[in-house]
Amino acid sequence: MTNYVQFDPTTGEITGGRSGPRVDNPTAPQSGQEVLQTDQRAYASRDYVDTDTNEIKQRPTFDAFDKTEIAADGQDVATVSNLPEGTTVTVDDAQSWTVDDGVFAFSTNTPATYTVRVENWPYQVYETEITAT
Amino acid sequence: MTAVTYDKDLTPLRRQAKAKVDNRAERERQRRWITPGDGQQQEYVMTREEAFAIADDGDPSDTDYPQLAAERDAQNEALSTTKTLADVGQEVRSIVAQRNGGDGAAIKKARRRAKLQIDAATTPADIEAAAAVDWSAL
């Protein structure tokens, strides 16, 4: 069995795929997409296609926040470090920040649980909850 | 370091909590005294209007108070009572007074108090607590 992995040639993002017998001319991809024929299994949430080498690689992961429980005093911070330039951090799907200096520090004055999402292709999306009490 | 201080937007939580309180209050009213159906609701309204009109009528007739007459006839036939139009009018006025001053007022108070507390709440937990009205205790 061969895996046919459809991907976006500009980003390497996997956009589809199927398994089946090896054929010379695999099913035509969707417009603007390409298909890679491989023995490797690929998962869109975990992998991407290195468009320079046409290899499937695992998407890197972000470091985790140093803590997920903070005091709601506007002073205590939860910090995530080693972020690549241009990383987007979104809180509660309500507000986003672009981090270019590698470190994001979150604080709040309102006791609540906050959903924080960290994204920067091809990194795996990192989502966690920070509880402020 | 990109340092941010972000406070949760409580507006949508407040909106949801208030809608929940309104819905529960309406369900509580319906559970207690409103029978589903526009026609039946209209019948209640007309009966209530007749009940208050008859209070000052020294010589009521069935023609002027058809809803009360129907209620009187239903009770007299089903329960073998001998009620008059005035008796039934008094009964309806008593029920209306009880609902307006008793259960109805209690539901309104609970609903309004909850919504004001939701407005005043400063955390999601406080909003949730304010919306958790014990309707069965009313």
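## Contact between the chains

Two residues are in contact if their C-beta atoms, placed from the backbone, lie within 7 Å. In this predicted model, the contact takes 20 residues from chain A and 13 residues from chain B. On the side of chain B that touches chain A, strand S1 (2–5) and helix H5 (124–131) of chain B each supply at least two residues; here helices (H or I, at least four residues) and strands (E, at least two) are DSSP runs, numbered from the N terminus. S1(B) gives the largest share of that side, four residues. By class, the side of chain B that touches chain A has six nonpolar, four polar and three charged residues, where Ala, Val, Leu, Ile, Met, Phe, Trp, Tyr, Cys and Pro count as nonpolar, Asp, Glu, Lys and Arg as charged, and the others, Gly among them, as polar.

S1(B) also pairs with strand S10 (residues 104–107) of chain A, in the parallel sense and over four bridges; two strands pair if DSSP finds at least two bridges between them. Within this pairing, Val4(B) in S1(B) stands opposite Phe106(A).

## The five-stranded sheet of chain A

Five strands of chain A form an open sheet with mixed pairing, in the order S6-S12-S11-S8-S9. Strand S6 (69–70) and S9 of chain A stand at the edges with a single partner strand each, so one side of each is left without a neighbour in the sheet.

Strand S8 (residues 87–91) of chain A pairs with strand S9 (residues 95–99) of chain A in the antiparallel sense over five bridges, and Thr88(A) stands opposite Thr98(A) in S9(A). S8(A) and S9(A) form a hairpin with three residues between them, and Asp92(A) in the turn has a positive phi of about 55°. S8(A) is also joined by four bridges to strand S11 (residues 112–119) of chain A, and the two run antiparallel. In S11(A), Arg117(A) stands opposite Thr90(A), and Val116(A) is the bridge partner of Val91(A).

## The three-stranded sheet of chain A

An open sheet of three strands in chain A has the order S2-S1-S3 and antiparallel pairing. Strand S2 (14–20) and strand S3 (34–38) of chain A are the edge strands, each pairing on one side only. From one strand to the next the twist averages 20°, with axes as lines fitted to C-alpha atoms, for helices over the stretch in contact, and angles running from 0 to 180 degrees between N-to-C directions.

Strand S1 (residues 2–7) of chain A runs antiparallel to S3(A), joined by five bridges. The bridge partner of Asn3(A) in S3(A) is Thr38(A).

## Basis of the model

Residues are numbered from 1 along each chain as its sequence is written, and chains are lettered from A and ligands numbered from 1 in the order in which they are written. Local features of the predicted model need pLDDT of at least 70 and side-chain atom pairs count only at pLDDT 80 or more, while totals for chains, interfaces and linings use all residues.
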